[in-house]
Amino acid sequence: MKKKFDYEYCKAAPILELFSNKWAFVVLLTLHEHQIMRFNELFRLIPSISEKMLSNILHSLATDGLINRKAYPEIPPRVEYCVSEFGETLIPHLISIIEWGKTNHNKILFNRRINSRK
């Protein structure tokens with residue numbers, strides 16, 4: 001059974017739980033970059049994600065209020081996704097994490113090599 005983060009003990013638990021899945025990060029940034037997208041457009045842009053995983057991540061992001069899901073009453077049905085106003089407040093922090101990763105990538109790889117020999 002998967003253990004849940006303790007929300008009372010760690011106030012960062014909701015965001016840590018969300019981003020313990022790498023796809024949430026990728027989907028949110030892809031939506032931010034492209035503004036409004038449909039499921040199949042996202043699926044094509046993120047080639048290694050499965051349809052089930054994309055569906056689950058979109059559901060989680062929408063449930064948390066980080067993205068908006070708009071369904072149109074058409075045949076065939078059309079659903080569009082975009083980053084919500086609330087979700088946009090998270091984007092600068094994600095970009096900072098990406099920049100930190102770019103800056104420190106080589107150091108991390110070096111440390112892994114050194115420490116894996118111990």
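The axes of helix 2 and helix 6 come within 11 Å and cross at roughly 115°; axes are lines fitted to C-alpha atoms, for helices over the stretch in contact, and angles run from 0 to 180 degrees between N-to-C directions. The structure is a predicted model, in which local features need pLDDT of at least 70 and side-chain atom pairs count only at pLDDT 80 or more, whereas totals for chains, interfaces and linings use all residues. Residues are numbered from 1 along each chain as its sequence is written, and side-chain values use heavy atoms, with hydrogens and water left out. Helices (H or I, at least four residues) and strands (E, at least two) are DSSP runs, numbered from the N terminus.

The crossing of helix 2 and helix 6 is left-handed, a term applied if the near helix is turned anticlockwise from the far one by less than a right angle. On the side of helix 2, the residues F25, L28, L29 and H32 meet I91, L94, I97 and I98 of helix 6, contact meaning heavy atoms within 4.5 Å. By class, this contact comprises seven nonpolar residues, one polar residue and no charged residues. In this classification, Ala, Val, Leu, Ile, Met, Phe, Trp, Tyr, Cys and Pro count as nonpolar, Asp, Glu, Lys and Arg as charged, and the others, Gly among them, as polar.

Helix 2 also lies across strand 1, strand 2 and strand 3, running at about 95° to strand 3. These three strands form an open sheet in the order 1-3-2, with antiparallel pairing; two strands pair if DSSP finds at least two bridges between them. Strand 1 (36-38) and strand 2 are the edge strands, each pairing on one side only. Neighbouring strands of the sheet are turned by 30° against each other on average, direction ignored. Strand 2 (residues 67-72) is joined to strand 3 by six bridges, and a hairpin connects the two through five residues. Within this pairing, A71 has V79 of strand 3 as its bridge partner, and N68 stands opposite C82.

The largest nonpolar core holds 23 residues, of which V27, L28, L31, L42, L58, L61 and I67 touch the most other members. Such a core is a set of buried Ala, Val, Leu, Ile, Met, Phe, Trp, Tyr and Cys residues joined through side-chain atoms within 4.5 Å. Two or more residues are given to this core by each of helix 2 (22-34), helix 4 (51-63), strand 3 (78-83) and helix 6 (91-116). Helix 2 gives the most, with six residues.

Individual residues show how these elements meet. Beyond residues up to four places away in sequence, L31 touches M37, L42, L58, I67, Y81, C82 and V83. Y81, found in strand 3, is buried, with a relative accessible area of 8%; buried means under 20% relative accessible area, exposed over 50%, and partly exposed in between (1.4 Å probe, protein chains only). Leaving aside neighbours within four places in sequence, T30 is in contact with M37, L42, L45 and I46.
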